[in-house]
Amino acid sequence: RREPAVRLQHGASGLEPLAWSEDHRVSVSTARSIAVLEQLSDVHSGGQDMVIHRTAVPAPGAACMLKVGPKKEVAECKEKFASSVDPTVSQTFMLDRVFNPEGKSLTPMRGFKYSSWSPLGCDANGRCLLAALTMDNRLTIHTNLNRLQWVQLVDLTELYGERLFEASYKLCKADTPCGELGDFPEFQRRHSMQTPVRMEWSGICTTQQVKHNNECRDVGSVLLAVLFENGNIAVWQFQLPFLGKESITSCNTIESGISSPSVLSWWEYEHNNRKMSGLIVGSAYGPVKIIPVNLKAVKGYFTLRQPVVLWQEMDQLPVHSIKCIPLYHPYQKCSCSLVVAARGPYVFWCLLLISKAGLNVHNSHVTGLHSLPIVSMTADKQNGTVYTCSSDGKVRQLIPIFTDVALKFEHQLIKLSEVFGCVRTHGIAVSPCGAYLAVITTEGMANGLHPVNKNYQVQFVTLKTFEEAAAQLLESSVQNLFRQVDLTDLVRWKILKDKHIPQFLQEALDKKIESCGSTYFWRFKLFLLRILYQSMQKAPSEVTWRPSHEDAKILISDSPGMGSTEDDQEEGTSKQASKQSLGDTGKGGDIDDTAEDSLHQSSDTGGREPMVEKLLEIQAQIEAVEMHLTREHMKRVLGEVYLHTWITENTSIPTRGVCDFLMSDDGYDDRTARVLIGHILKKMNKQTFPEHCSLCKEILPFTDRKQAVCSNGHIWLRCFLTYQSCQSLVYRRCLLHDSIARHPTPEDPEWIKRLLQGPCTFCDSPVF
């Protein structure tokens, strides 16, 4: 069990209410909002609990009315159907919540039905977008640009309704003319063709865009497939970064031919550097099949010639959830796709691989897993492990084992009652790197009685040991700490508990740094040292945010008639100062400040010399690693300057200052840096192009990587991505408040804008 358990303000709603994004945010669909829990691996906190930043996407206040015709005509038809003499018409109309989302005498349709995260790199900050489907069938896309507030970018239900209205509710011009809206079957048809059931994002693909001078440039795009009640699928194509309505490239509608569709998933397969894609659609009656998707103008993508039926029996077992996992077949020596679907209490699986004979399909069912229907299913896409759960608190772990022909599953039972006590489960989701399992729980039965009140909570269970997480971080192909926050959190937890870095991890990391030299391993080393430093800190005796009352005591002692001594006043002042220093430490200040505070605290409370020496040693190691990472990034910036500037061209980057800073340390001997600096200085031709203070026009010398101070004492913070001084009141900070960066300006060239899009050089976090 991993603390804390997050209590939800409202009950969970919809199917699959839990989803975990690639940028480590957990969305929970509830009856009033989508609660978003962002996991952080905070290097400035000494607490052992998981650090979670909580926000919410509120449900719209007004009900969603699908556009099926002119407003006046729709109102007349509704009144006609409601007062119809035929009970099959009037009762069907009155009880259908798609026709009557506002409810009137019925309970209001509030809350969310489903949420889906886009891949990493889709919004303006390079993070994930959130597609949300409300209970009253409103499909919207949201983004979180400033970490505190979610902004709706587009309402796809409204846009799709307008498209259908303009096309007279025909998918193509060859279709037969539609009937009159006053006919109840036509009224139902127009609603069902725009009532979303599920939506899923594709992976990021590349399209070619023709510029004004007829040059082609590659543009990233992402697809969102929306499954409707009548079996149609709308495929929206968005240009990245997605900024709103203007980023929509196209919308194509596909007829799946599946009656009563229930679930949707993307099938993306790569074979010999050729990518194929399709949409897996499941039905409430049982069948599952792949629908071809023709991706026009998408580089390297191919499509199926015809639909592929994975399961055709109409056995009345509804398909609840579908996951598609790309794997490598060790016997066939090729890539393959594993499709798993929850059907009642069973798991249907299908193995797809392409050989010389064509597309091979192997399928079967895994039985005996649950005694109740599966309410949620999730998959770890790194190793293919599948997790299923039923409402009685039992979770099954299914591990695929390849055989000569196909595969088999080994499964084991995870009893959540042994971790959380007696609980009911409503949804599960696995973290991107497979370190944690998030579970929505409520109280189970006690002494054969159901609980009076339900308290919905999101709780976390570890799925990996510290040793497994450390090994995965060392051998990672991603080489980005931010994308592996769930693994780094396990490592952080272990170091904070044991107050030391295990010897095997130190030795393995040193070997990686010596053999490879990648800055990723230096950032990992910096992360470990910072956590070790926090574990040595003395925990504050009181909560840092709680107001102290020492000021009042000092004033009383100073008042006439009250006896006081200088010692009491000094004691009160020292207590106040120590509390202030603890508050500054809790806010995540600079390491130098926290080091001094911790040293003073340890000496005041009788700390011994070995602890002081240990803290100073760790602090020196942190500064050395930070300086190494700074120099490596400076070399990269200078390389961009050399490649993109002409002779004696003034760039806004303080090139001469960065060169002098790199060469100022006699102990730093990097031949690559010396050669690069020599070429740049030759190109600059003795020009310095210094920065000037915007307040007094004095020269800003480059003496510090963090800030610039002019001769009149004006202090400007430096951008850690370009080392320019941020001479404005508005700038950006990285997710963990490690560094600051300036905003790009319209006059910046493209190469500077690319530099400003980079992550933090110390912790890999995105910049806001």
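Predicted model: local features only at pLDDT ≥ 70, side-chain atom pairs only at ≥ 80, totals over all residues.
Four strands form an open sheet in the order 6-7-8-9, and their pairing is antiparallel. At its edges are strand 6, residues 112-117, and strand 9, residues 151-155, each of which pairs on one side only. From one strand to the next, the twist in this sheet averages 25°. Within it, strand 8, which covers residues 139-143, is paired with strand 9 in the antiparallel sense over four bridges, and if you look along strand 9 you will find Q152 standing opposite H142. Helix 3, residues 156-166, lies across strand 8 and strand 9, and it runs at about 15° to strand 9.

G244 sits in the loop between strand 13, residues 232-239, and strand 14, residues 248-255. Is G244 buried or exposed? Its relative accessibility is 2%, and because buried means under 20%, G244 counts as buried. G244 and L153 are 91 residues apart in sequence, yet their C-alpha atoms are 4.8 Å apart in space.

That pair leads me to the chain as a whole. Among contacts with a separation of 6 or more, 57% are between residues 24 or more positions apart. The chain has 768 residues, of which 51% count as buried, and it contains 16 helices and 36 strands. Its accessible surface comes to about 37000 Å², with 51% of that belonging to carbon and sulfur atoms.

On that surface, I would point you to M94, L95 and L106, which together make a nonpolar patch of about 280 Å². L95 belongs to helix 2, residues 87-95, and with a relative accessible area of 60% this leucine is exposed.

Which strands does strand 22 pair with? On the one hand there is strand 21, residues 334-343, which pairs with strand 22 in the antiparallel sense over seven bridges, and here the bridge partner of V339 is C350 in strand 22. The hairpin of strand 21 and strand 22 has two residues between the strands, and G344 takes a positive phi near 65° in it. On the other hand there is strand 23, residues 358-366, joined to strand 22 by nine bridges and again running antiparallel to it. In that pairing L351 stands opposite H362 of strand 23, and the hairpin joining strand 22 to strand 23 passes through two residues.

A second open sheet of four strands has the order 24-25-26-27, with antiparallel pairing. Strand 24, residues 374-379, and strand 27, residues 407-415, stand at the edges with a single partner strand each, so one side of each is left without a neighbour in the sheet. The twist here averages 20° from one strand to the next. Strand 24 pairs with strand 25, residues 386-390, in the antiparallel sense over five bridges, and I374 has S390 of strand 25 as its bridge partner.

Strand 28 is joined by seven bridges to strand 29, residues 436-443, and the two run antiparallel; one bridge brings T425 together with T441 in strand 29. Five residues lie between the two strands of this hairpin, and G434 in the turn has a positive phi of about 80°.

Finally, a helix. In helix 14, residues 655-663, the buried residues are T655, G657, V658, C659, F661 and L662. What covers them? Their cover includes helix 13, residues 609-644, and helix 15, residues 671-684.

Terms used
Residues numbered from 1 in each chain as written. Heavy atoms only, no water. Buried < 20%, exposed > 50% of the residue type's maximum accessible area, 1.4 Å probe, protein only. Contact = heavy atoms within 4.5 Å. Areas by Shrake-Rupley, 256 points an atom, 1.4 Å probe, with all protein chains shown as cover. Patch = residues over 30% accessible without salt bridge, like charges linked within 9 Å, V, L, I, M, F, W, Y side chains within 5 Å. Salt bridge = Lys/Arg side-chain N within 4 Å of Asp/Glu carboxyl O. Pairing = 2+ DSSP bridges. Axes fitted to C-alpha atoms, helices over the stretch in contact; angles between N-to-C directions.
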